[in-house]
Amino acid sequence: RACLRAPLATHRGCARSLYSEAEQLVKGLYALLLPSWTAAFDARQILLVRLDDYRDRMEGTLRAILAFLRLDVPSPGTWRQMLRHPRANRAPGSEAMLSSTASLLAEFYRPYNQQLSLLSGDARFADWSDQGS
């Protein structure tokens, strides 16, 4: 917060300087990135996909992504293989996140997710939690 008091400081610049070593944290700050994306691309060219939707409704989410990209659903065999593909963001046998860590992350991301919710017009972005992941 002290960073923001500096002349010409921006949330994006502060996040980058404060969390440059914590790359995974910065990757989740979509609200800071979305304005530059919409400045470069028409908003209709951007599809925001929530990990929760992909995890909980993989087939429907993949169909929505394919439709957005104007791609056909692959052959039945390829489609089944896509739906069975294991998660790649968690090592087999890894432990679940501590609830205290999940709480800290939820608190950290809360203002950014609320901003993303406003920017995207999708209220579901406002309340991220790590439940079920």
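H7 is followed by Gly-121, whose phi is positive, near 75 degrees. The model is a predicted one, in which local features need pLDDT of at least 70 and side-chain atom pairs count only at pLDDT 80 or more, while totals for chains, interfaces and linings use all residues. Residues are numbered from 1 along each chain as its sequence is written, and side-chain values use heavy atoms, with hydrogens and water left out.

The chain holds seven helices and zero strands, where helices (H or I, at least four residues) and strands (E, at least two) are DSSP runs numbered from the N terminus. Of its 133 residues, 21% are buried, that is, under 20% relative accessible area with a 1.4 Å probe and protein chains only. The chain exposes about 9,900 Å², of which carbon and sulfur atoms supply 56%, the areas coming from the Shrake-Rupley method with a 1.4 Å probe.

Helix H7 spans residues 99-120 and bends by about 50 degrees at Arg-110, with a proline, Pro-111, following within four residues; the bend is the angle between axes fitted to the seven residues ending at a residue and the seven starting there. Buried residues of H7 include Ala-102, Ala-106, Phe-108 and Asn-113, and the buried residues of this helix pack against helix H2 (23-27) and helix H3 (30-40).

The axes of H3 and H7 come within 8 Å and cross at roughly 35 degrees, axes being lines fitted to C-alpha atoms over the stretch in contact, with angles that run from 0 to 180 degrees between N-to-C directions. The residues that meet are tabulated below.

| Helix | Residues at the H3 and H7 contact |
|---|---|
| H3 | Tyr-30, Ala-31, Leu-32, Leu-34, Pro-35 |
| H7 | Tyr-112, Gln-115, Leu-116, Leu-119 |

By class, this contact has eight nonpolar, one polar and no charged residues. Leaving aside neighbours within four places in sequence, Ala-31 is in contact (heavy atoms within 4.5 Å) with Tyr-112, Gln-115, Leu-116 and Leu-119.

The largest nonpolar core has 10 residues in all, among them Ala-15, Leu-29 and Phe-125; such a core is a set of buried Ala, Val, Leu, Ile, Met, Phe, Trp, Tyr and Cys residues joined through side-chain atoms within 4.5 Å. H3 and H7 each supply at least two residues of this core, and H7 gives the most, with four residues.

Conventions. Buried < 20%, exposed > 50% of the residue type's maximum accessible area, 1.4 Å probe, protein only. Nonpolar A, V, L, I, M, F, W, Y, C, P; charged D, E, K, R; others polar.
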